[in-house]
Amino acid sequence: MTHRSFLFVLGSSRSGGNTETLAREAAEQLPPGVEQRWISLAEHPLPEFVDLRHDSDRVRPTEGNAALLLDSTLAATDIVIASPLYWYSVSTQTKRYMDHWAGWLRTPGLDFKASMAGRTLWGVTVLADDRPQVADPLVGTLRNSAAYLGMRFGGVLLGNGSKPGDVLSDTEALTNAKTFFAREALPARFPHESA
């Protein structure tokens, strides 16, 4: 894909938090002309996900936040999950968005899995811990989801902070943000596949 379009899915419960700040630092480095769309899940909440796969057919959402997020997801070549580390994984809002992927997989005529194949999934998170391995469950959630859908995985940009603005003192994260989206995103693999 030569034309790139980035969807930034903000999973924090507060606006302008450390994770969003770090994501915006990385996005500033994208070349001019690369489309960017930013959607806050707190401002565009999805309904609770209900698993209907054994009960009835799903219908493609045509209005509201579900339609906005589905259409924006399908329009993007690159999807960036910007979620703070909450209890060692993604936030509730982010998990709900990804749960809706399961419904979209089973929506007749949508072919969500084939549509997502070849696109790139990225992650950005800020954690209040100086040990990056604390974020391994979040990284695994994103990598494995990308692997299941046949996507590429660009990795996760990690930052450190707790109070708003703390991440701006994390010089390593800010340095990594400058080249994060320039890295080559390889096809995602489950851990048991990368031997």
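**Strands, cores, salt bridges and a surface patch**

Visitor: How many bridges join S3 to S4?

Guide: This is a predicted model, and in it S3 and S4 run parallel. To see the pairing on screen, find valine 80, which stands opposite tryptophan 122 in S4. The number of bridges that join S3 to S4 is five.

Visitor: Are the residues of S4 buried or exposed?

Guide: In a regular strand the side chains alternate between the two faces of the sheet. Here Thr120, Trp122, Val124 and Val126 point one way from S4, while Leu121, Gly123, Thr125 and Leu127 point the other way. Eight of the eight residues of S4 come out as buried.

Visitor: Which element gives the most to the largest nonpolar core?

Guide: That core has 35 residues, and those with the most contacts inside it are Ile79, Tyr97, Phe112 and Leu121. At least two residues each come from S1 (5-10), H2 (64-75), S3, H3, H4 (112-116), S4 (120-127), H5 (136-148) and S5 (152-160). With five residues, the element that gives the most is H5.

Visitor: What does leucine 121 touch, leaving out residues up to four places away in sequence?

Guide: Leu121 is among the residues with the most contacts inside the largest core. With those sequence neighbours left out, leucine 121 touches Ile79, Ile81, Trp101, Leu142, Ala146, Met151, Arg152, Phe153, Gly154 and Gly155.

Visitor: How many residues does the other core have?

Guide: This core lies apart from the largest one, and Phe8, Leu30, Ala173 and Phe180 are among its members. Its number of residues is 22.

Visitor: On to the charged pairs: where does the salt-bridge partner of arginine 96 lie?

Guide: A search of the whole structure finds six salt bridges, and one of them joins arginine 96 to glutamate 48, with the closest N and O atoms 2.7 Å apart. The pair links distant parts of the chain, 48 residues apart, with arginine 96 in helix H3. Its partner, glutamate 48, lies in the loop between S2 (35-40) and H2.

Visitor: And is arginine 96 buried or exposed?

Guide: Glutamate 48 has a relative accessible area of 57%, so it is exposed. Buried means under 20%. Because arginine 96 has a relative accessibility of 17%, it counts as buried.

Visitor: How many residues apart are arginine 60 and aspartate 71?

Guide: Their side chains meet in a salt bridge of 3.1 Å, N to O. At 34% relative accessibility arginine 60 counts as partly exposed, and aspartate 71, at 37%, counts as partly exposed too. Arginine 60 is in the loop between S2 and H2 and aspartate 71 is in helix H2, a separation in residues of eleven.

Visitor: Which residue meets aspartate 129 in a salt bridge?

Guide: The N to O distance for this pair is 2.7 Å. The partner counts as partly exposed, at 47% relative accessibility, and is arginine 131.

Visitor: Last one: which residues form a nonpolar patch on the surface?

Guide: Look at the loop between S3 (78-82) and H3 (92-105), which holds tryptophan 87. Tryptophan 87 has a relative accessible area of 80%, so it is exposed. With about 440 Å² of accessible area together, the residues of the patch are Tyr86, Trp87 and Tyr88.

Note on methods. Residues are numbered from 1 along each chain as its sequence is written. This is a predicted model: local features need pLDDT of at least 70, side-chain atom pairs count only at pLDDT 80 or more; totals for chains, interfaces and linings use all residues. Side-chain values use heavy atoms; hydrogens and water are left out. Patches are made of residues with over 30% relative accessible area and no salt bridge: like charges are joined within 9 Å, nonpolar side chains (Val, Leu, Ile, Met, Phe, Trp, Tyr) within 5 Å. Accessible areas come from the Shrake-Rupley method with a 1.4 Å probe; for residues, only the protein chains shown count as cover. A salt bridge is a side-chain nitrogen of Lys or Arg within 4 Å of a carboxyl oxygen of Asp or Glu. Helices (H or I, at least four residues) and strands (E, at least two) are DSSP runs, numbered from the N terminus. Buried means under 20% relative accessible area, exposed over 50%, partly exposed in between (1.4 Å probe, protein chains only). A nonpolar core is a set of buried Ala, Val, Leu, Ile, Met, Phe, Trp, Tyr and Cys residues joined through side-chain atoms within 4.5 Å. Contact means heavy atoms within 4.5 Å. Two strands pair if DSSP finds at least two bridges between them.
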